[in-house]
Amino acid sequence: MKCYISCISLLFVWLPFAVGFEQEVVPKCGPEVEICEFEWTVEYLETMVVYGEGGTGNPVVSRNGSLFKRTGCDDYEPLTEAEMKNTIMADGSYKVVYAINGQVPGPSVVVYEDQQVVVKIQNNLMYEGITIHWHGMVQWLTPWMDGVGTVSHCPINPGESFTYRWMADPHGTHWYHSHLGVERTDGLAGALIVLPRPEPETEEKVDEYTFEKDYIVFLHDWFPFHSIEINRELAWGLTRYAYGLNESQCYDTTSSTDGGGVGFTPFESGLINGKGHTFHNSFNASNADLDALPLEWFEVKRNSYYRLRLINAGMLFAFRFSIDQHDVQIIAVDGNDVVTMAAESIIVNAGERVDIVLYAGAHQENFWIRGETLEATANGEEVVPGKAVAVLHYSGANKDLPTTERDVCTEEDPCRVINCPFGEFPQSYHRVCMPISDLKSTKEQMEVHPVPPAEPSEEFDEVFVNFHFSSGADVPFTPSVNGHNYIPFSAPPQIYPIGNDTHAPCDTQDCGDNCHCSYKIKLELGKTIQLVFLNQDDAVFGMAHPVHMHGHHFHVLKTVYPTYDPQTGRIDADNTDIQCNTQSCNNPHWRNRSWEQGNVPGLNLDNPPMKDTIIIPRKGYVVTRIRSDNPGFWFMHCHIEMHQVAGMAVLFQEGDISDMTPTPEGFPTCGDFEFSEEEFKRLTSGKKKQEHRHKYKRDEENHHHHHHHHYSWFHHAQWKKYIHHRIGYVITICILLAINIATVIGFCVVKRKLTQQKKSLLHKREEINKALVFESNDPLNKSKGSSISKQNLLS
């Protein structure tokens with residue numbers, strides 16, 4: 001029994017482990033497989049800790065510029081190659097993170113288009129609920145699988161499991177992440193790659209490449225403390241003391257070249273595939289604070305093509321991505337194919353994805369892969385932007401870190417930068433900005449996804465959505481949409497709760513300029529919806545916002561910026577195309593009324609790019625279109641995590657609830673609970689309690705009554721009923737009882753015989769001893785057959 005209990009208990013021992021990130025795109029299932037399944041466990045791990053069997057850990061420490069595994073107070077061992085690969089190093093700081101199957105970033109989900117994807121998640125955290133959003137999946141017919149806490153479904157509580165099941169659509173580079181609180185910033189995110197199904201061999205297309213390898217570049221900012229600290233200090237107005245509440249130095253918010261805000265908290269480090277360096281003491285990529293920390297290396301062979309799938313999973317910072325002495329050639333954005341466009345660099349905002357073709361045409365060497373923030377100034381003084389780095393390694397080159405420099409932009413040879421959040425760099429930078437809307441979708445992309453038309457007029461609606469800071473709110477610079485600071489629903493609307501007490505209604509408040517409510521916009525099914533995203537406010541530190549729409553990929557028809565000072569690059573004047581009637585611009589319209597009904601000049605209706613996340617320039621706007629053909633509740637929000645959780649969001653209800661797919665049988669529910677005084681009295685009234693006591697007393701009296709009349713328990717009515725219905729059990733018990741009695745009797749008989757034999761043996765031994773004593777004392781018997789006498793006795 002003891003062995004059985006020990007074996008069972010071993011099943012519940014938590015064995016933490018860490019696994020290195022797989023940089024290559026490798027599908028989990030073949031294209032012929034209909035259902036591709038994954039099993040995940042979410043648990044705590046700590047960076048810079050090597051985990052062994054049984055759950056023990058050893059910290060990784062730096063001594064004299066090298067890394068060691070600490071095995072005792074003063075005992076150190078070199079790290080093995082496997083330990084170096086599988087330990088979550090991050091940027092060298094110690095931090096408890098959320099890991100999926102021991103990985104940060106989480107394991108990549110690589111499947112084929114139209115496969116049914118099944119992900120079973122076990123939450124082994126102590127007190128945090130979780131949800132997983134499949135960023136880029138449109139969730140046709142499965143809106144309750146979208147993974148948005150308080151919208152799609154209830155959080156997966158600690159100790160619970162939840163199975164996601166959805167169709168992989170559309171193909172392309174996507175990602176997944178927690179969509180509850182600020183958990184994604186602490187590790188709960190990973191790549192989601194949907195591969196197009198293989199087609200029969202045909203003639204090679206002009207723009208088609210043969211890739212030697214397909215790489216994932218998972219890029220994000222990183223902080224050495226939990227993101228909830230950033231969230232709360234931002235809410236409490238403590239960001240000035242971001243270097244430390246007791247530190248004498250204060251932090252000044254950093255700005256981009258146009259004067260818009262960039263970093264409301266200091267940039268600490270950037271990671272590529274979970275690895276990175278800090279540069280607190282140096283601005284040179286070759287002089288990190290601790291060079292011994294591993295970086296991600298991407299190996300290439302000369303004269304070969306490679307696909308790099310770039311994903312910005314960051315909390316806050318956008319990155320200008322480039323590779324020293326190599327062009328980046330953009331072939332897809334947010335998973336949607338575009339005509340190849342070459343550039344020196346591309347800016348990737350939080351939530352965005354970009355597919356890049358890299359031609360390895362340089363000489364045999366190592367080159368820096370760079371992601372730099374857009375920070376330019378702080379309090380009027382120039383600052384060095386933060387950076388994330390990795391290594392492009394040509395086969396055959398040495399293993400030394402690169403010493404290369406990025407391309408120099410000149411007046412004669414300016415650098416093209418794609419996807420700028422502003423219209424111009426200062427002239428001295430010699431960089432030319434190109435908005436993402438200037439990219440062109442491929443012919444094949446447009447054949448599948450044509451631009452929704454504006455005609456007929458009864459099937460066209462236009463919705464203005466202003467993402468901004470409400471300076472007129474009680475708390476200055478409150479994140480808002482159209483003057484509404486979003487309050488989450490208490491029960492997810494996608495599980496169709498009954499009643500109006502699941503949210504804070506907006507129509508009962510004065511939302512003329514700013515209000516706090518569960519902001520929702522209703523879209524009718526079967527219409528062309530022209531969404532005009534704008535970013536209009538008078539906040540001192542207004543900034544560009546990356547906006548993500550769930551449930552759709554939209555056509556990006558036009559991007560418009562304010563005007564800039566060409567020398568400084570700072571905003572010179574607001575754009576005046578849109579008329580704002582309130583301080584928060586929460587009910588805007590076109591200043592020129594002839595632009596209504598889809599008649600905005602300059603729209604690309606032929607081959608615009610498609611995206612699900614778009615950067616809205618400060619004081620500018622972006623015109624997009626969708627077809628309202630996906631019934632459900634779809635979240636739209638700023639993808640800067642702290643802005644989203646602070647209320648820069650809106651919920652779109654597409655169609656009526658009757659148009660939406662019902663939830664699966666047994667789908668979990670949640671929401672508020674209120675215990676009324678009347679209900680409490682009904683359940684705990686004195687009368688009820690007294691009746692219970694009287695009943696108990698009567699039962700006691702009846703028991704004593706039966707006992708005094710010597711009723712045998714065998715004649716009790718309940719026992720008779722039990723015998724009648726459970727005769728098999730009774731027979732079995734009787735047989736077992738008989739066997740036990742027989743065993744006891746047998747044991748007693750054997751024991752009695754053994755006792756009798758023992759007594760007989762003792763009696764014979766006594767006779768032998770007496771005989772021996774007699775023989776030794778009688779001299780007459782010393783010569784008379786004493787041996788015969790002893791032999792007889794012994795026999």
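The structure is a prediction, in which local features were considered only at pLDDT of at least 70 and side-chain atom pairs only at pLDDT 80 or more, whereas totals for chains, interfaces and linings use all residues. Residues are numbered from 1 along each chain as its sequence is written, and side-chain values rest on heavy atoms, with hydrogens and water left out.

The chain contains 10 helices and 46 strands, these elements being DSSP runs (H or I over at least four residues for helices, E over at least two for strands) numbered from the N terminus. Of its 795 residues, 49% count as buried, where buried denotes under 20% relative accessible area, exposed over 50% and partly exposed the range in between, with a 1.4 Å probe and protein chains only. Among contacts (heavy atoms within 4.5 Å) with a separation of 6 or more, 77% involve residues 24 or more positions apart.

An open sheet of four strands, ordered 2-3-4-5, shows antiparallel pairing, two strands being paired if DSSP finds at least two bridges between them. Its edges are formed by strand 2 (49–51) and strand 5 (75–78), each of which pairs on one side only, and the twist averages 40 degrees from one strand to the next, with axes taken as lines fitted to C-alpha atoms (for helices over the stretch in contact) and angles running from 0 to 180 degrees between N-to-C directions. Within this sheet, strand 4 (residues 66–72) is joined to strand 5 by four antiparallel bridges, and arginine 70 has tyrosine 76 of strand 5 as its bridge partner.

Strand 34 and strand 46 (residues 649–654) run parallel and are joined by four bridges, with lysine 520 partnered by leucine 651 in strand 46.

In a regular strand the side chains alternate between the two faces of the sheet. Strand 9 (residues 132–135) is covered on both faces, with Ile132 and Trp134 on one side and His133 and His135 on the other, all of them buried. Four bridges connect strand 9 to strand 11 (residues 172–178) in an antiparallel arrangement, in which histidine 135 is the bridge partner of tryptophan 175.

Backbone exceptions were also found in loops. A cis peptide bond with omega of about 5 degrees joins aspartate 169 and proline 170, the latter lying between strand 10 (161–167) and strand 11. Glutamine 139, although not a glycine, has a positive phi of about 55 degrees; this residue is located in the loop between strand 9 and strand 10 and counts as buried at 2% relative accessibility.

Aspartate 577, in the loop between strand 39 (571–573) and strand 40 (578–579), is buried yet has no salt bridge, the nearest side chain of opposite charge being lysine 558 at 5.3 Å. A salt bridge requires a side-chain nitrogen of Lys or Arg within 4 Å of a carboxyl oxygen of Asp or Glu; Lys and Arg count as positive and Asp and Glu as negative, while His and the chain ends are not counted. Residues up to four places away in sequence aside, aspartate 577 touches Val560, His589, Trp590, Arg591, Trp595 and Tyr621.
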